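Hi,

Here is the structure I promised to pass on to you. Have a look at it first, and then read my notes below.

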Amino acid sequence: MLTVRIGLVGKPNVGKSTFFSAATLAQVDIANYPFCTIDPNVGVAFVEARLACPCKDLREKLEGEGRLEPAAEDDPRQGSLCEPRTGSCVGHRRSVPVALVDVAGLVPGASEGRGRGNAFLADLANCDVLIQVVDAAGSTDIEGQFNGASNDTAVAVEAVRAEIEFLEHELDAWIGGLLEDGWNRGVRRVQAEGEKGLTSFVHERLSGLGATPVKVAQAMFEFNQRHTSDAQPWDWDAVSLHLLGECMRKQLFPIVYAANKMDIAPPDVLKAFSDRTMVACMADMELALRRAASSGLIDYQSGQSSFTVHPGASLNEAQQKALSHMNQRLEQAGGTGLARLMDEVLFDQLNHIVVYPVQDESHWVDGDGRVLPDAFVVPSGLHAKALAGRVHTDLEAGFIRGVDGRTRRVVGADHELGDGDVLKIHAKS
Ligand SMILES: Nc1nc2c(ncn2[C@@H]2O[C@H](COP(=O)(O)OP(=O)(O)O)[C@@H](O)[C@H]2O)c(=O)[nH]1
Ligand SMILES: [Mg+2]
């Protein structure tokens, strides 16, 4: 099963590992997540689907037909009927897995071999999108050394701006460097085939980073607008190639920002970055809350702006004070920001949707009678046949037609899927 891979990047000591631990705290059996290696810096995070799980409609239908009693007041699943193979569903809030990668070692100069050198590049190569964690409090210098939080907005804004520029620069230099290395071959293809030779060279050279013909075409469009030199490609200097690297970087690695450490940052920092996707975050609070929840001290769900102390929890005075302080902070901030950021990354930045393949279009079950076992995160508008391919390659090869589980309409191979769709796939076996 393909899934989205999100890379956490940024200079040292901004809170990447804290973010990673908080987001991947739920222990999962890695065997169920083939996209997940045993690397300690790769984990599974769950993101809540925006629309209610189709098991809500199923329950309404069954209750309406008198075939099911309404859920009990104390139903721990709050009415959910589905049987997710991965993730969970409570109160029809279905969560879907994504892979999260903690990419360490990206320091200024990394593209020239400083720090872990190019080791981090292998971690980055497969990521669909990056979350740059920045220190919104300006409490660390560009190398990650602590120098105390700033309560001056202008100082913090400058520090964050420097972090953003450093990362873009490293990525541009890396990608530009890859183009530069093979440039002699690129030049020969341009001489032989013109612009088409150039695009196929760029595509081949960067395919390991996820380059596709569409992405290359979009990057070339921006490049041609911004490239002012009249030189022929065989005379292009490093500046031209780095511009090309920059245009490709934007296509290959969209970046959204976690303005972390907001608990100690000047509150207005984010205003300076309204042209980017940036969400205020408190990673260490999220980690503390999730740990407290998993040890049964509090009831807290990621994304909420408050929590309740579990009735059975025995707390000493210091713990009580710490918790009530956290609750205040949390309410003021409207949440720790991590769940909101993940939601924006998946559904706005990447424009993905959640779809539910089933084997029986009437009962929405698989071959074993499991209700809505799979929730796939796929690009919006994915074709029915391509979804079949994500379930199984045989299903795509033998694709005959699909049936929309809600409307019962037959749909063709190029039917575009929408958020929350339930789809039965007919294929030759
Ligand atoms: N004040 C504050 N500190 C944080 C927050 N998140 C992480 N930290 C602290 O920042 C330091 C560096 O965190 P770490 O996750 O190791 O950073 P990394 O080097 O980017 O992986 C640790 O002392 C964390 O406890 C936060 O939201 N607020
Ligand atoms: Mg770390």
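**Helix pairs, sheet and domains**

The crossing of α6 and α7 is right-handed (a crossing is left-handed if the near helix is turned anticlockwise from the far one by less than a right angle, and right-handed if clockwise). Before going on, please note that this is a predicted model, in which local features need pLDDT of at least 70 and side-chain atom pairs count only at pLDDT 80 or more, while totals for chains, interfaces and linings use all residues. Residues are numbered from 1 along each chain as its sequence is written, and chains are lettered from A and ligands numbered from 1 in the order in which they are written.

Back to that first pair. Helix α6 spans residues 195–205 and helix α7 residues 213–226, and they pack at about 125° with their axes 10 Å apart. Helices here are DSSP runs of H or I with at least four residues, strands are runs of E with at least two, and both are numbered from the N terminus. Axes are lines fitted to C-alpha atoms, for helices over the stretch in contact, and angles run from 0 to 180 degrees between N-to-C directions. The angle makes α6 oblique to α7; under 35 degrees counts as roughly parallel, over 145 as roughly antiparallel, 65 to 115 as roughly perpendicular and the rest as oblique. Thr199, Val202 and His203 of α6 meet Pro213, Val216, Ala217 and Met220 of α7, where contact means C-beta atoms, placed from the backbone, within 7 Å. By class, this contact holds five nonpolar, two polar and no charged residues. The classes are nonpolar (Ala, Val, Leu, Ile, Met, Phe, Trp, Tyr, Cys and Pro), charged (Asp, Glu, Lys and Arg) and polar (the others, Gly among them).

On its other pairing, α6 packs with helix α5 (residues 183–193) at about 150°, the axes being 6 Å apart. α5 and α6 are therefore roughly antiparallel. Residues in this contact include Arg185, Arg189 and Glu193 of α5 and Lys196 of α6. Its make-up is four nonpolar, three polar and four charged residues.

A further pair joins helix α1 (residues 16–23) and helix α9 (residues 283–294), whose axes come within 8 Å and cross at roughly 30°. These two are therefore roughly parallel, and their crossing is left-handed. Thr18, Phe19, Ser21 and Ala22 of α1 meet Ala283, Asp284, Glu286, Leu287 and Arg290 of α9.

Now the sheet. Five strands make an open, mixed sheet in the order β11-β10-β14-β12-β13, with strands taken as paired if DSSP finds at least two bridges between them. β11 (376–379) and β13 (410–411) are the edge strands, each with a single partner, so one side of each has no neighbour in the sheet. Strand β10 (residues 352–358) runs antiparallel to β11 over four bridges, and Ile353 has Val378 as its bridge partner there. β10 also runs parallel to β14, over three bridges, with Val358 partnered by Lys424. β12 and β14 are antiparallel over five bridges; Arg401 is partnered by His426 of β14. Helix α12 (residues 384–391) lies across β10, β11, β12, β13 and β14, at about 80° to β14.

Finally, the domain assignment (bounds come from an automatic or database assignment) gives domain 1 (170–251), domain 2 (282–336) and domain 3 (361–427). The C-alpha centres of domain 2 and domain 3 lie 40 Å apart.

Best wishes

How values were computed. Contact = placed C-beta atoms within 7 Å.
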